[in-house]
Amino acid sequence: MVNMKKIIPLLLSRKTVLLACSATLLFITAFILLWWNRYLGITNDGWHYFHAQQILSGKTPYKDFYLFIPPLHPLRLALELKLFGNYFIVPQIFGVLERLLLFTVLCVWLCRLFPAKYVLIGVVSSAVAYLADTSETLSSLHHEAVFWATLAAFCLSSALYYKRFFLHWSFAAGVFAGLAFLGKQTSGIGITAAIPMFLLLTLRQESRQQVSKALAAYVGGLVLPLGALCLWLGSQGGLSAFVEQIFVRGPKSKGSLTQTLLRPLTMTLEDVYMRRNAVLAVLVVALIGYGLYRNHRVPERRSSHQQILLLTLSAFLALLIGAILSQFRTPPFTTYWMSVAEQLPLYLAEFGIGALFLYYSRRWFRGALTREQWQLWAYVFTTFVVLVTLSLSWAIFVSMLIPALPFLIAFALSYLKSRPWRVAIMTACALMIMMTVWSKLSRPYSWAGASEAAVQYATEHSSLRELEGLNLSPATRNEVEHIVQLIKDNSTAEEAVFVYPHLPIFYVLAHRRPNTFAAVHFFDVCPDDIARQDARTLLAQPPAVIVDLEFSEAQIRDNEDLFRGGQRSGQRELIEAIHQLTANYTLLETYELAPRKNLLRVWAKKK
């Protein structure tokens, strides 16, 4: 393998790298501590927590209940709950530790390629934007999927960097790629395929024997987690159901193959804000690319400790301004300018990495890659594949920022010769930190019909055991506790209850179970045949309590356009079954959920 340790001109002292990593971790920890336990994502938080509880109760995923993802994430949650107790804060704590490890790895990786001061700017600003995700919690699936894929790509880079240990790093890349595959289908398949593809591309530089050994080591690592899963599921009688649900039935919830492949384009074209921000991102990438083409430089070799400390203080200042703003004013979430703050970095990540992928691919075809550029291309190649596969689920979402955006920021700052350009990028990074901190603290969670109040209002503790350690707003605490009590008062532990479509958190908190095969019936995770099967189950075996989060006709149509090609979804049959049953039920309570004023109704079967 290429001995990059000897030839990369950007070698840094261990103290400089340690200082950059320490400053990054200090800043990220400070940001996370402002909000990490001050909200409850009721429309997302309980999904895989409930699946983990099902596993702990002795049930086998795919055979005994429907699971729309590979099992690593719920298995990990099951282990955490088994070891540390049945509390929602436990996966949150592990989510914090995972993020800190992720950004440490990124910092070390990028310091091999760029000056530490620019790495600090890229990682810190990207980390804030990544962590400011309001659609998922710290224990979320998508962030974990990015975590394993990033570790796998880092190990590939290390295999190129450390010639002496290239087999060890290739084996580790296989292990992490296998874990990524077991975490999420799209990005997992992407990184699993990207690494051997890139190793084959190195045949232009390396001997066939060396590449063959690296591939063998990679496959050996890959087989380890995949083989363990197959053995476990096979012993439980769930292996064939796993293959069917993950690769045959499950993907149908995303629509046809054509819809899935075209989703990044069609979603962008159909949304006016997304169109504008995509065009703006193309212009920014083109301008920076032109600046690099006309006037680039060889990156500086060193970063002083004073520069790193000054940049860290500047980042803390931007964080402080954002935190102060959140105390006095709510961001204008519905305006175009807020969409710029949220969407532009995502499109920049996509188009910027895409442009570099084309550039380095062209140099590879011409045989013009320098040894330093092989390292850069390894980063770009794996990141590009992960970005493309992630976009098949949704055109743009926050998980796509990592590892793309920190690389792009550090790359531009390192190679742009124009000082005004570098100042403009650093200013944009400071503004991004300020805006995203302001936004996150003002609205820590908002997705699919539910939104949380600003963290400053999270002042109360719940009496529910599972929510110990979380601070909640009075409204969230009262609503959640009241719904849980209604479920308990109107059902026994032996009776089934039903929560629709994506609130299994109430199964967890009320200690109840559904009699349906799926616990989550949201449009993009539950295929039509399972929704129809569960509708028949409800009518045949009416549950004691129904908790129904109602979607408007327009919202249902939007989801059918996105995931069913405009065709009627099986979810409509579930809705019809609910309406048929509740005609003979008692309405216990109705809530109006922000921000879209969806109604959540609690019904009980008449005795």
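Buried here means under 20% relative accessible area. Keep that cut-off in mind, and note that the model is predicted.

**Stop 1: E98 and R99.** Select this pair. Both E98 and R99 are buried. They form a salt bridge, with the closest N and O atoms 3.0 Å apart.

**Stop 2: R249 and D529.** Go to helix α11, residues 239–249, and pick R249. Then pick D529 in helix α21, residues 528–540. Their salt bridge has its closest N and O atoms 2.8 Å apart. The pair ties together parts that lie 280 residues apart in sequence, because one partner sits in each helix. R249 counts as buried because its relative accessibility is 15%. D529 is partly exposed, at 32% relative accessible area.

**Stop 3: D528 and R564.** Stay on helix α21 and select D528. Which residue forms a salt bridge with D528? It is R564, and the closest N and O atoms are 2.7 Å apart. R564 sits in the loop between α22 (553–563) and α23 (571–582), 36 residues from D528. D528 is buried, with a relative accessible area of 19%. R564 is buried too, at 7%.

**Stop 4: the surface.** Show E270, D271, D558 and D561 together. These four gather in a patch of negative charge on the surface. Zoom in on E270, in helix α12 (residues 257–270). Is E270 buried or exposed? E270 is exposed, with a relative accessible area of 64%.

Key. Residues numbered from 1 in each chain as written. Predicted model: local features only at pLDDT ≥ 70, side-chain atom pairs only at ≥ 80, totals over all residues. Heavy atoms only, no water. Patch = residues over 30% accessible without salt bridge, like charges linked within 9 Å, V, L, I, M, F, W, Y side chains within 5 Å. Areas by Shrake-Rupley, 256 points an atom, 1.4 Å probe, with all protein chains shown as cover. Salt bridge = Lys/Arg side-chain N within 4 Å of Asp/Glu carboxyl O. Lys, Arg positive; Asp, Glu negative; His and termini not counted. Charge placed at Lys NZ, Arg CZ, Asp CG, Glu CD. Helix = DSSP H or I, 4+ residues; strand = E, 2+ residues; numbered from the N terminus. Buried < 20%, exposed > 50% of the residue type's maximum accessible area, 1.4 Å probe, protein only.
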